[in-house]
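Me: I am new to this structure and would like to know what lies behind the terms used for it. Please take them one at a time.

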Amino acid sequence: PNKLESVLRSSAEAGKPFSFKPLVLNPNPLPPNYSPNLRPKSDSSILKQSSANYFSINYIPSGSSDVFGKRCYDFPQEAKAVFLEATRIWSEHITSPVPIEINACWASLEGATLGYSGSQSTRNFENAPIANTYYSLSLANALAGYKIYESLAETHITYNQNFDWYYGIDGQTPSNKVDFLSVVLHEIAHSLSFFGNVWYYNGFGGFSDDYPAIWDRFIQNSVGTAITSVAQNSTAFGSMLTSGDLWFNGPNAVAANGGSLVKTYAPSRWAPGSSYSHLDYDTFNNTSNALMVFALSRGQAEHNPGQVTLGILKDLGWAENHDQSPNIDTIIDQVTSVNTPFSLEVSLLAG
């Protein structure tokens with residue numbers, strides 16, 4: 001992941017920074033009292049969806065590469081079915097006039113990385129709520145009301161084929177398997193602007209391209225110092241990123257958290273892709289808001305986004321889908337395919 005992040009930082013098109021967010025395997029077993037975090041009134045019929053599904057999935061063909069340069073293999077049919085279910089779940093919570101296009105890759109990754117996602121961002125677009133602030137393309141499109149960059153997918157997600165995945169959607173994940181639906185839901189959430197636009201190196205830190213993301217506009221420490229007020233490209237900024245004292249202060253997230261600021265993950269040792277853009281692990285793991293912590297254990301199932309995450313997304317600018325019990329249409333296979341390969345250079349320089 002560190003190597004991939006360095007490639008993105010050096011290769012991303014100016015004006016559209018690229019986020020990189022992995023989800024890693026937690027080597028620790030689940031506590032004895034763990035119970036799956038499932039959605040209320042969960043629809044157990046996979047491959048069924050409402051008429052309001054705001055996602056379009058492109059499965060990268062075997063032999064082509066993802067946006068990070070990783071070789072892709074055939075995406076298993078059972079994994080595609082779970083992916084479709086994940087988009088249906090998110091479509092129950094957010095609305096957009098523009099379908100969110102996802103390029104999905106099935107790859108062989110090293111180490112404990114279960115999967116990662118990347119999303120380009122843009123600023124000062126039509127109807128942008130805050131000037132000089134980066135929004136993921138999916139959120140920017142939703143706010144603008146049209147697809148801003150016609151040639152660009154809104155997000156890129158890659159999954160590691162080297163794990164023993166559980167493809168069920170019932171939350172009954174065996175203790176020796178990894179719940180695929182949880183991982184897909186997590187990475188899609190990052191594509192919705194659930195990430196900050198910061199860098200850290202040798203104790204220094206700042207905003208990439210010198211502008212904050214919409215996520216950054218809501219981050220402060222416990223004494224009320226906003227991260228946007230800290231000097232750029234400084235050790236003061238770097239110290240704040242590794243302080244263990246960073247909190248999301250959006251009103252909807254705070255209300256969902258019982259009136260308290262929402263603690264984010266800011267370990268003393270910077271973890272590229274994990275630090276800063278997740279909920280705090282010790283605070284939220286094994287709770288109903290565990291989907292957006294940085295690691296997932298074998299046997300763990302997180303199918304409910306959680307009220308804190310939904311509050312964060314509302315603060316970031318997403319409109320809620322108030323149709324929480326949508327009518328189910330006939331079975332729709334929404335799977336589409338990429339007709340031509342794409343590479344790191346082509347995808348990042350397009351548009």
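Reply: This is a predicted model.

Me: What is the pairing sense of strand S15 and S16, and what makes them a pair?
Reply: Two strands pair if there are at least two bridges between them. S15 (residues 247–248) and S16 have two bridges, in the antiparallel sense, so they meet the cut-off of at least two.

Me: In what order do the strands of this open sheet stand?
Reply: The order is S14-S15-S16, three strands with antiparallel pairing.

Me: Why are strand S14 and strand S16 said to stand at the edges?
Reply: S14 (219–220) and S16 (262–263) each have a single partner strand, so one side of each has no neighbour in the sheet.

Me: How do you know that Cys 72 and Cys 105 form a disulfide?
Reply: The cut-off for the two sulfur atoms is 2.5 Å. In Cys 72 and Cys 105 they are 2.1 Å apart, so the pair counts as a disulfide, being within 2.5 Å. The structure holds one disulfide.

Me: Which parts of the chain does the pair link?
Reply: Distant ones: Cys 72 is in strand S3 (residues 72–73) and Cys 105 is in strand S5 (residues 100–107), 33 residues apart. The link of Cys 72 and Cys 105 is left-handed, with -120° about the S-S bond. Both Cys 72 and Cys 105 are buried.

Me: Why is Thr 87 called buried?
Reply: Buried means under 20% relative accessible area. Thr 87 has 0% relative accessibility, so the word applies. Thr 87 is found in helix H2, where 13 of the 15 residues are buried.

Me: What does the side chain of Thr 87 reach, and what makes this a polar contact?
Reply: The side chain reaches the backbone oxygen of Leu 84 at 2.8 Å. The cut-off is 3.5 Å, so this distance falls within it.

Me: How does the reach of helix H2 compare with what is expected?
Reply: H2 (residues 77–91) spans 21 Å from its first C-alpha to its last, close to the 21 Å expected at 1.5 Å a residue.

Me: Which residues have the most contacts inside the largest nonpolar core?
Reply: They are Phe 83, Trp 90 and Ile 312, in a core of 77 residues. A second, separate core has nine residues, including Cys 72 and Tyr 116.

Me: What does Ile 312 touch?
Reply: Leaving out residues up to four places away in sequence, Ile 312 touches Phe 194, Trp 215, Phe 248, Ala 253, Val 262 and Leu 279.

How values were computed:
Residues numbered from 1 in each chain as written. Predicted model: local features only at pLDDT ≥ 70, side-chain atom pairs only at ≥ 80, totals over all residues. Heavy atoms only, no water. Helix = DSSP H or I, 4+ residues; strand = E, 2+ residues; numbered from the N terminus. Buried < 20%, exposed > 50% of the residue type's maximum accessible area, 1.4 Å probe, protein only. Expected span 1.5 Å × (residues − 1). Polar contact = N/O pair within 3.5 Å; in protein donor to acceptor, adjacent residues only side chain to side chain. Core = buried A, V, L, I, M, F, W, Y, C linked by side-chain atoms within 4.5 Å. Contact = heavy atoms within 4.5 Å.
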